[in-house]
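Subject: Structure for you to look at

Dear colleague,

Please find the sequence and structure below. My notes on the chain and its charged pairs follow.

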Amino acid sequence: MLKLFPPKTPLKARTFPIYTRPISSPSSSSSSPSSPFASNLTNTILACNNPNQALQIFNRASHQIHAAKKPWAYSAIIHVLTRAKLYVKARCLMKDLIQNLLQTRKPHRSCLSVFNVLSRLETPKFAPNVFGVLIIALSEMGLVEEAYWVYRNIGNLPQMQACNALLDGFVKKGRFDLMWEIYGEMMLRGASPSVVTYGVLIDACCNQGDMPKARMLFDEMLKKGIKPTVVIYTTLICGLCNESKMSEAECTYRMMRESGVLPNLYTYNTLMDGYCKGANVQKAIELCREMLGHDLLPNVVTFGVLIDALCKAGELVAARNYFVCMIKFGVVPNLFVYNCLIDGYFSANNLTAAMDMYAEMKRQDISPDVFTYTILIKGLCAVGRLEEAQELLEKMNREGIVANSVTYNTIINGYCKEGNMEKALEVSSQMTEKGIEPNLLTFSILIDGYCKIRRMDAAMGIHTEMLIKGFMPDVVSYTALIDGHFKDDNAKVALRLHKEMLEIGLTPNAFTLSCLIDGLCKKGRINDAIKLFLEQTRASTTKGEMDHMESGDCAPNHVMYTALIQALCEDSRIFKASKFFSDMRRFNMKTDVLVYALIIQGHFQAKHKFDVLMLQADMLKLGIMPNATIYQVLVKGYREVGDLELALRYLYRMFLGMTVISSSAVVREFASSEQILRTSGGTGKPENSLFLADLRGTILSLLLHQCNVVFCNVNNNGSLYLCLFVEGEDFAEAAGDPGMNRHTIRKGISSIDSFSLLFVIKACTQKSLPIEGKQMHSLIINLGFETNVFLQTSLIDLYSALGNIGDAHHVFEEIPTKNVVCWTALISGYVDNQKPNKALQVFRQMQMGNVEPDQVTLTVALSACVDLGALEMGEWIHTYVSRRKELSKDLSLDNALINMYAKCGDIETARRLFDSTKKKDVTTWTSMIVGHALHGQAEEALRLFAAMKEENRRARAKKRSFDSWSGSLIVPNDVTFIGVLMACSHAGMVEEGKKHFQSMIEDYGVKPRLSHFGCMVDLLCRGGLLQEAYDLIMDMPVQPNAVLWRTLLGACGTRGNIDLAADARVQILELEGSHVGDNVIMSNIYAAKGMWDEKIGVREKMKQRRAPGCSSIEVGSLINEFVTADDDHPSKREIYEVLECLIETMKAHGYSPLGMASSS
């Protein structure tokens, strides 16, 4: 059986052989000191009347004493010191002896040797307490199992100090059950607990979270007259703080002060940490001031607690002040403090300050850890600087800092928010290659990302993969899918998902309900939305206002009301909309400008001018200032109800209050209002004529002012504020001055150059801003930069990133002189937009245009070949690379070619190319090994792995022989071993797989991850070694997931092992609950064993329906999807004809198909 890790069984005392044959003197036994020097030294030490004199003699001869070979001198001096009650010195020498023995022996053998040499020394100076010293030394060194063995074998109960040390050792190891068992035994043997004993016991209770028991022990101390120390009080306070019982912690603190025990620095730090975790920073600061008043100086923990809490509360100025105070107090900031400040600045969107703090940390020679990098990556992703975040991840890998799932999920989330799902999936693949399995959050992020870009087929694919991996979707995943399907105009699937969500026992939250109500309203199913709203919030709406806001998981929120009000207003049901609006006000729910704009617009449609005036007064009373949206609604509404003077006055206020506005909206509203006023005869009034003239001049001056301000901001600060200039003639026409058009406006933007525009386009690309991007394109044309190849290439990248590959190609066609960069940008755009066929067409056009591709172009083209399976084009690229010598030397290009051949099915050519590559790196070797494994060539993959190890051995030999050798070592990494184990698993090579797994750990120091254990469990199950697979899962140092147990369960179903199957199913139920597939397996096992009652019981518990099987295949640029019993496929007849032909062929060769094809 494969045994690489100690079993997770209760700790038991070892049974070591004890040699108790007495000896008369150190020299009278075969095991006594063999050299005259050692014998004389031992006798001299024992003969000393003064223990200090004996210690001086031992110290002078210590350099000649070999502890492992001559332990008798150690035994003698330890006995002498213990008898003289010099326990500290005796314990130090005991640790020194044990440490020396551990260099050549295992812990239990070292303990046995020390125990024997101490017990076999017969002399009047024999000190029985020496075994207590041994127990204390072993416990302090972490060898509690050995200390427990000594305790069991000395017969008598040792001194209470030794008992306390043993108990404390088990507490530090987290072995609480055995600790309580030993304590109970000590009490039965007559031990009398001391204040230290109670301190250890209370610490154990606090670590277990059993505060009532800790309090009971504390009261027991007081009844026995044992006065608690500051350590016990602090331990109790720490336990209460961890349980968020701050009032009880305060009472204990006051009791401590009243009993005359002064708190120490650790006590204050513990209380301050408790307050800060409860978001009571002010109380923590007051406690810090009290601490300073008692002449206790803060340390780095004190400042770390306060700075962390202040940063989380957004009080960055105060946090920075405490950081400065650290320096004044002489406290050196540590990594935790810097991490807190960096995270705080990022949370406050102060990127500059965060990066400055990071730079200062590096100047102080403080190395960042995985938390530092994760904070930096999260901050950069939040502002859209994903390339820098990706560079930080690569830097982590180079520096040997292992990224965790939080790090990867942060980058994946950043790419998903940008809509770059290809890159998000790439990072997910890197995460898996590094041995970090995607978790529930990873799948939820990917599902949400695909839903946001309306790729619902891909989102459902991730959802299916999530189920296959053994993850049960949570409320967040279902909410994203429901919202995505509604926005994709697929309400049927959205409602089906909602029903499925309820069937598996998930309760929709407020966000889920908001998506459902909004989706139904936008589909015109307003009554269904209202019904759902009333059903889900029935408990809330039948109680008082406080109950309305606090009861239930789905209390109504602002989004639900807004969606209902908007839909009702658009449906001209203003009275029902007003009722919901009144409910919002009555329940003190937030009513923002958007809600007022919707309800005002509804009242205008119903010609309720008085209600509009009341709503405007209500806005002023609540302090809600009108914005451009409100003003536009008011202008249009008053104009439609015939109050043109109010319409124009609100138009004037709109222009005065706005900073950046659309010129077309300005001219349109002004012209409409003026025309209606002229038609109705309103311009005949002098006051109206003056007002119109003043309004016309104000509009023009504001617009021209905005033109200058907007592009001054773009040029100096890089901010993306855009205004469309192509309508300059409209401004001039409104002003009555046709000469003041394009020339006048152009004066305000003459300082913009092409270099500045490149940065703005890049910002549009990174932030996925389609409207602003098109505005920039228009501006480039108006400024005469349409022939700039760099700007045009940036526009190709922009349109490609936005998924508008047609516009990208149009921009490409307008470039007069095309270079290799713009060709590569277009090819890459087609590949990124999943159009590999078109990408290769452009690549061929590039060749016809006599433009030589570079390494980047060829690498992108090879990616298209892999996606399309275009082996012939890949071969042509290979031939082209071979002709150009400068390209044939590029290792990354060689790796891309190997990958292309392997994935396009030509493993032989891939291997030939691999063999001809002179300079290989670990990626080259690993790619080829995985390629062979994917093609089922396990033996070849293992031979290649053996050659890789031999190559590495020769490289090491050269490095030892030649100091000037500059080659690099090729060391297999964890991904390499995943490929090796995968090959062994697919070929059923059990013993070979075991050897490689053990070699990975012992020879290469690669710590196995969950994916490695998954390969091993699969390997053992395929070989029929079910018990060994079970033992491996139980002995794993990491928590096994449901996938591992499900692998074992499936193998048990195949082999008919009902005992292990039942155990595996219990483990799966504890991890993630019932699953239909598990029930099917158990049902089949019971049926095979004739246990029909159990089979029927399992079948009755199956509540889920198995989703129909589905597969897909890509032919050219089309993806054909097939579902079980599919009657809707357009090529249904041809498919069934081929299937029937295959079945007949199978029968002709002697096979018996399980079912017959039917075209009916």
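A salt bridge here is a side-chain nitrogen of Lys or Arg within 4 Å of a carboxyl oxygen of Asp or Glu. The structure holds 34 of these salt bridges. Please keep in mind that this is a predicted model.

First, the chain as a whole. It has 1160 residues, of which 46% count as buried, and its secondary structure comprises 63 helices and 2 strands. For contacts between residues at least 6 apart in sequence, 61% join residues at least 24 apart.

Now some of the salt bridges. Arg257 and Glu290 pair through their side chains at 3.3 Å, N to O. Arg257 belongs to helix α13 (residues 246-258) and Glu290 to helix α15 (residues 281-293), so this pair ties together parts that are 33 residues apart in sequence. Both ends are partly exposed: Arg257 has 27% relative accessibility and Glu290 has 28%.

Lys312 and Asp308 also form a salt bridge, at 3.3 Å, N to O. They sit 4 residues apart in helix α16 (residues 300-312), about one helical turn. Lys312 is exposed, at 66% relative accessible area, whereas Asp308 is buried, at 19%.

In helix α56 (residues 990-1002), Lys995 and Glu992 are 3 residues apart, and their side chains meet in a salt bridge of 3.8 Å, N to O. Lys995 is exposed at 54% relative accessibility, and Glu992 is partly exposed at 26%.

Finally, a network of salt bridges links Arg911, Asp915, Glu940 and Arg943.

Regards

Notes: Residues numbered from 1 in each chain as written. Predicted model: local features only at pLDDT ≥ 70, side-chain atom pairs only at ≥ 80, totals over all residues. Heavy atoms only, no water. Buried < 20%, exposed > 50% of the residue type's maximum accessible area, 1.4 Å probe, protein only. Contact = heavy atoms within 4.5 Å.
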